[in-house]
Amino acid sequence: MKNDKMKNQYRVNEQIRVREVRIVGEDGSTVVPTRQALDMAHVQGVDLVEISPNANPPVCRLIDYSKFLYQQKKRQKEMKAKQVKVEVKEIRFGPQTDEHDYQFKLKHAKEFLEEGNKVRAYVFFRGRSILFKEQGEVLLLRFANDLEEYGKVEGMPSLEGKKMFLYLAPKKAGAAKKSQQARDREAAEAEAKEAAKQQQAQESKPTNGGLFANAKISADALKKLTEEED
């Protein structure tokens with residue numbers, strides 16, 4: 001079904017009924033009558049494929065149509081693979097969330113944003129706790145402020161029924177979060193490099209008081225040897 005849809009996306013050979021077309025290839029481009037372009041395709045044993053119908057004149061390629069469709073499908077797969085899938089992660093609070101629970105949820109929100117996901121934080125008001133909606137708003141504003149480095153607010157806290165929502169988008173979308181193991185390994189490698197650098201610097205330092213001292217010792221030894229020969 002998908003292949004049929006892609007086939008119908010392009011006009012080929014006799015389906016191209018304009019007066020002239022622009023042929024593009026590795027050697028550049030040239031404008032020729034459509035009849036001549038069809039003859040060129042026939043001589044080369046390929047198809048005349050219209051790739052940009054809205055251009056003036058329309059742009060075409062001389063290529064085997066099956067090969068062209070394969071290239072297009074492959075390109076679409078590559079583009080899809082490069083796209084970052086953004087998820088919306090939810091963080092739920094109560095209107096009187098204690099500090100320990102707040103910090104725990106703040107930590108998770110940071111991780112979600114670092115992974116490139118959006119965060120939807122909300123305060124759920126149960127029963128008469130709706131009386132504390134101002135307290136819930138203050139909590140969400142504090143939450144947004146604490147995450148300022150990681151995410152940007154997409155809208156001020158808004159009350160919808162018994163829930164007050166706040167939406168945050170990552171500042172660095174698609175930044176994949178490294179595992180703890182990878183971070184530990186990188187830290188160990190950096191520490192080892194620094195230690196090796198310091199050791200190399202230590203070994204390169206001149207001993208016995210430096211070059212001047214070594215030169216002085218050599219001069220004294222030479223003077224003593226000269227006196228003994230005399």
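## The chain as a whole

The chain of this predicted model contains 7 helices and 8 strands. Of its 230 residues, 26% count as buried, and its accessible surface comes to about 17000 Å², of which 51% belongs to carbon and sulfur atoms. When contacts between residues at least 6 apart in sequence are considered, 58% of them join residues that are at least 24 apart.

## The sheet of E1 to E4

Four strands form an open sheet in the order E2-E1-E4-E3, with mixed pairing. Its edges are strand E2 (28-33) and strand E3 (47-52), each of which pairs on one side only. Neighbouring strands of this sheet are turned by 40° against each other on average, with direction ignored. Helix H2 (residues 34-44) packs on the sheet and touches strand E1 (20-25) as well as E2, E3 and E4, while its direction makes about 115° with that of E2.

Two of the pairings can be followed residue by residue in the model. E1 and E2 run antiparallel and are joined by 6 bridges, with a hairpin of 2 residues leading from E1 to E2; within this pair, Ile-23 has Thr-30 in E2 as its bridge partner. E3 pairs with strand E4 (residues 59-63), again in the antiparallel sense, over 5 bridges, and here Val-49 stands opposite Arg-61 in E4.

## The sheet of E5 to E8

Another open sheet of 4 strands has the order E5-E6-E8-E7, also with mixed pairing. E5 and E7 are its edge strands, each pairing on one side only, and the twist from one strand to the next averages 20°. E7 and E8 run antiparallel and are joined by 7 bridges, and Ser-158 stands opposite Phe-165 in E8.

Two helices are placed against these strands. H4 lies across E5, E6, E7 and E8 and runs at about 170° to E5, whereas H5 lies across E5, E6, E7 and E8 and runs at about 10° to E8.

## Helix H5 and its buried side

Helix H5 (residues 133-146) has 14 residues and reaches 20 Å from its first C-alpha to its last, which is close to the 20 Å expected at 1.5 Å a residue. Its buried residues include Gly-136, Leu-139, Leu-140, Phe-143 and Ala-144. These residues lie on the same side of H5, because they cover an arc of only 135° around the axis.

On the face of H5 turned away from its buried side are the exposed residues Val-138 and Asn-145.

## The loop between H1 and E1

Tyr-10 is found in the loop between H1 and E1, and with a relative accessible area of 12% it is buried, because that value falls under the 20% cut-off. Beyond residues up to four places away in sequence, Tyr-10 touches Gln-15, Val-49, Glu-50, Ile-51, Tyr-65, Phe-68, Leu-69 and Gln-72.

At 21% relative accessibility, Asn-13 counts as partly exposed.

## The loop between E3 and E4

Pro-57 is placed in the loop between E3 and E4, and a cis peptide bond with an omega of about -5° joins Asn-56 and Pro-57. As a general point of comparison, most residues other than glycine have a negative phi, and most peptide bonds are trans.

Pro-58 is likewise in the loop between E3 and E4 and, at 8% relative accessibility, counts as buried. Leaving aside its neighbours within four places in sequence, Pro-58 is in contact with Val-18, Glu-20, Val-21, Arg-22, Glu-50, Ser-52 and Pro-53. The C-alpha atoms of Pro-58 and Val-18 are separated by 8.1 Å, although these residues are 40 apart along the chain.

Conventions
Residues numbered from 1 in each chain as written. Predicted model: local features only at pLDDT ≥ 70, side-chain atom pairs only at ≥ 80, totals over all residues. Heavy atoms only, no water. Pairing = 2+ DSSP bridges. Axes fitted to C-alpha atoms, helices over the stretch in contact; angles between N-to-C directions. Contact = heavy atoms within 4.5 Å. Buried < 20%, exposed > 50% of the residue type's maximum accessible area, 1.4 Å probe, protein only. Areas by Shrake-Rupley, 256 points an atom, 1.4 Å probe, with all protein chains shown as cover. Expected span 1.5 Å × (residues − 1). Arc of directions from axis to C-beta.
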